[in-house]
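Welcome, and thank you for taking a look at this protein with us. Let us walk through it piece by piece, beginning with a pair of facing residues.

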Amino acid sequence: MALKTVSDHFRQHAEDWTLFEQAKDYALDYMRTVLDRPVFPEKNAIEGLEAFRSKLPEDPVDPHEILTKLNRFGSPATVAQTGGRYFGFVNGGVIPAALAAKWLGDAWDQNAALYVISPVMSVLEEICEEWLVDLLGLPENTAAGFVGGSSTATLCGLAAGRDYLLRRQGWDVNGQGLFGAPPIRVVLGEGAHSTVYKALSILGLGKDRLIKVPEDDQGRIRADSLPELDDKTLLILQAGNVNSGAFDPFAEICGNARAAGAWTHIDGAFGLWAAASPKLQSLTDGYSQADSWSVDAHKTLNAPYDNGIILCRHREALAQALHMTGSYIVYSQNRDGMLYTPDMSRRGRAVELWASLMALGRSGTAELVEDLHQKAQYLAMSLEKEGFQIRNEVCFNQVLVSCDNSDITNKVLDNIQQSGECWCGPAQWKGEKIIRISVCSYRTTKTDLDRTVTAFVKARQES
Ligand SMILES: *Cc1c(COP(=O)(O)O)cnc(C)c1O
């Protein structure tokens, strides 16, 4: 047995602390310089990514060399979204304590499936569940499942709703599938996020037989255009239209939906956090009457990726929809996280969520949310002063911008994206292409906002 195996090779590196020091040095160097990096990688940095396109190595590669390569070619090609001037999609920054906690959690490499696999993850998830229900003002005993993002969270919430509505009609989806099932109706706003459509099609609810309800000028579902709701209806609302940030009028809808026996899911990927702010929580009035909610900690809360949560009033319904069994699966008296997620093995993302909530506390969470809102308002006001058109009421953290005509808007967006100074993306809004800004990072300062306005003005001059 003199053969040197790959296990020997790894055993040797498992205690090569210099390897982890090297990773730490690169990471710290990245964090120290991120504010000065181009917000979107430059052309030569992207060309540098070709360095990764090699053949699969036949033999193990030295781990120091692996890190060197990642840092040399990977770091410059990152999008500097942890800096202060990234406004694309709805990508949050990273709270320092949460990132540091993630590093530690990565060293633990826990599997959050079951209590017996990881007691620490079970307990942290239990605590996060309790805190979120409290912080967001949700019904007592609401269950939380910790998943990768809102796409999955919405899938879970709608699966629970579908099964619940059908079970009440005497149909067991787990057993019979959807073949021959009594119909249920799906009602949603025309502005629903694309991930909602994806979830519905995965769940066998189709996309052609949905009832789409018109939205108002801000992208809120029109309560007066809703069809009559009944106990065979799956209703999908949103807290935070992905473009305008507008909130559906929950107070007008959720109570009635509940009384009619419908299941209401609220996609609150970034907007649900408004409920944690005394100043903004009126946006969510009435939303606790819903049945399930999806939210991302990696957006507004500024937790690192990936961190989504499904919250469900009906603990049993969520667990039944996502349930699996196997003779080796040992359920305990304690929380078994896999009951509430589609995955069995899952990383311990509650480490970062717990650390984020600890680092912010109740007041810090409220302040963070309000700060993003104020910065969005300031940016909108400053851009408007410079002659840009603001296309939405800035009720939360989203700002929709256009120029005198769509030609100029397109060119300004192009120039902005090339500038390296800041980054935002496009959207279709009321039939027009516009520039979409999401203020989503605690790191953004007033100086960043002023620099962004200057970049917009310059981009227009060059258009
Ligand atoms: C981001 C977003 C999603 C998708 O969430 P992921 O975390 O990217 O899966 C769904 N709905 C809305 C409104 C969003 O903003």
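Val-401 stands opposite Ile-435 in strand S11. These strands, like the helices below, are DSSP runs numbered from the N terminus, with at least two residues (E) for a strand and at least four (H or I) for a helix. Strand S9 (residues 398-402) and S11 run antiparallel and are joined by 4 bridges; two strands count as paired if DSSP finds at least two bridges between them. This is a predicted model, in which local features need pLDDT of at least 70 and side-chain atom pairs count only at pLDDT 80 or more, while totals for chains, interfaces and linings use all residues. Residues are numbered from 1 along each chain as its sequence is written, and side-chain values use heavy atoms, with hydrogens and water left out.

S11 has another partner to meet. Strand S10 (residues 425-429) is joined to S11 by 5 bridges, and the two run antiparallel. Here Trp-429 stands opposite Glu-432 in S11. S10 and S11 form a hairpin with 2 residues between them, and Lys-430 in the turn has a positive phi of about 50 degrees. How many residues of S11 (residues 432-438) are buried? The count is 5 of its 7 residues, so to speak a mostly covered strand, where buried means under 20% relative accessible area with a 1.4 Å probe, protein chains only.

Now let us turn to a sheet. An open sheet of 7 strands has the order S1-S7-S6-S5-S4-S2-S3, with mixed pairing. Strand S1 (143-147) and strand S3 (211-213) stand at its edges with a single partner strand each, so one side of each has no neighbour in the sheet. Within this order, S4 (residues 233-238) and S5 (residues 263-267) run parallel and are joined by 5 bridges. Leu-235 has Thr-264 as its bridge partner in S5. Helix H10 (residues 250-260) packs on the sheet and touches S4 and S5, contact meaning heavy atoms within 4.5 Å.

Finally, look at two helices. The axes of H13 (residues 406-419) and H14 (residues 446-461) come within 8 Å and cross at roughly 120 degrees; axes are lines fitted to C-alpha atoms, for helices over the stretch in contact, and angles run from 0 to 180 degrees between N-to-C directions. H13 contributes Ile-408, Val-412, Asn-415 and Ile-416 to the contact, and H14 contributes Ala-455, Phe-456, Ala-459 and Arg-460.

Technical notes:
Buried means under 20% relative accessible area, exposed over 50%, partly exposed in between (1.4 Å probe, protein chains only).
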